[in-house]
Amino acid sequence: MSGTISTDLIRGNTVSIILNILRQGDSYGYEIYKTIIELSNNQYELKEATLYTAFRRLEKEGYILSYWGDETQGGRRKYYRITREGEKRYEQNREEWMFAKEILDKLIKGEIKDGE
């Protein structure tokens with residue numbers, strides 16, 4: 001195992017990763033960044049620029065909403081919340097991923113046997 005995930009492989013799943021985290025509760029950018037690292041057991045780090053680009057796109061498409069927190073200490077944080085449309089998008093992406101994963105497993109690991 002190479003120990004890294006190809007950027008090409010994960011690119012199409014960034015939205016699903018973010019929506020998965022937000023469906024478990026509102027969060028802010030740096031916390032989401034840290035959660036991704038934690039969920040991958042320190043094996044994947046999503047670049048912050050990619051993360052914030054995805055936030056803008058998801059908000060524009062109506063899948064998440066943003067609002068400013070009212071922290072009593074430190075700087076204000078911009079929080080993100082998944083919308084109902086975002087939850088639907090997550091479920092659709094999850095189903096598509098499960099289907100694709102099954103087919104890719106067959107294509108990558110499968111063997112053609114004589115007579116079949």
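Asn42 sits in the loop that joins H3 and H4, and its phi is near 60°, a positive value in a residue other than glycine. The model is a predicted one, in which local features need pLDDT of at least 70, side-chain atom pairs count only at pLDDT 80 or more, and totals for chains, interfaces and linings use all residues. Residues are numbered from 1 along each chain as its sequence is written, and side-chain values use heavy atoms, with hydrogens and water left out. Helices (H or I, at least four residues) and strands (E, at least two) are DSSP runs, numbered from the N terminus.

**The loop between H3 and H4**

- Asn42 is exposed, at a relative accessible area of 65%; exposed means over 50%, buried under 20%, and partly exposed in between (1.4 Å probe, protein chains only).
- Asn41 lies in the loop between H3 and H4 as well, and H3 is followed by this residue.
- Phi of Asn41 is positive too, near 55°, in a residue other than glycine.
- With 60% relative accessibility, Asn41 counts as exposed.

**Helix H3**

- In H3 (residues 29-39), the buried residues are Gly29, Ile32, Tyr33, Ile36 and Ile37.
- These residues cover an arc of only 140° around the axis, which puts them on the same side of H3; the arc is that of the directions from the helix axis to the C-beta atoms.
- Glu38 and Leu39, on the other side of H3, are exposed.
- The packing partners of the buried H3 residues are helix H2 (14-22), strand S1 (27-28), helix H4 (48-60) and strand S3 (78-82), where contact means heavy atoms within 4.5 Å.

- Thr14 belongs to helix H2 and is buried, with a relative accessible area of 6%.
- Not counting residues up to four places away in sequence, Thr14 touches Leu46, Thr50 and Ala54.
- The axes of H2 and H5 (residues 84-109) come within 9 Å and cross at roughly 125°; axes are lines fitted to C-alpha atoms, for helices over the stretch in contact, and angles run from 0 to 180 degrees between N-to-C directions.
- H2 and H5 are therefore oblique to each other (under 35 degrees is roughly parallel, over 145 roughly antiparallel, 65 to 115 roughly perpendicular, and the rest oblique).
- Val15, Ser16, Leu19 and Asn20 of H2 make the contact with Gly86, Arg89, Tyr90 and Asn93 of H5.
- By class, this contact has three nonpolar, four polar and one charged residues; Ala, Val, Leu, Ile, Met, Phe, Trp, Tyr, Cys and Pro count as nonpolar, Asp, Glu, Lys and Arg as charged, and the others, Gly among them, as polar.
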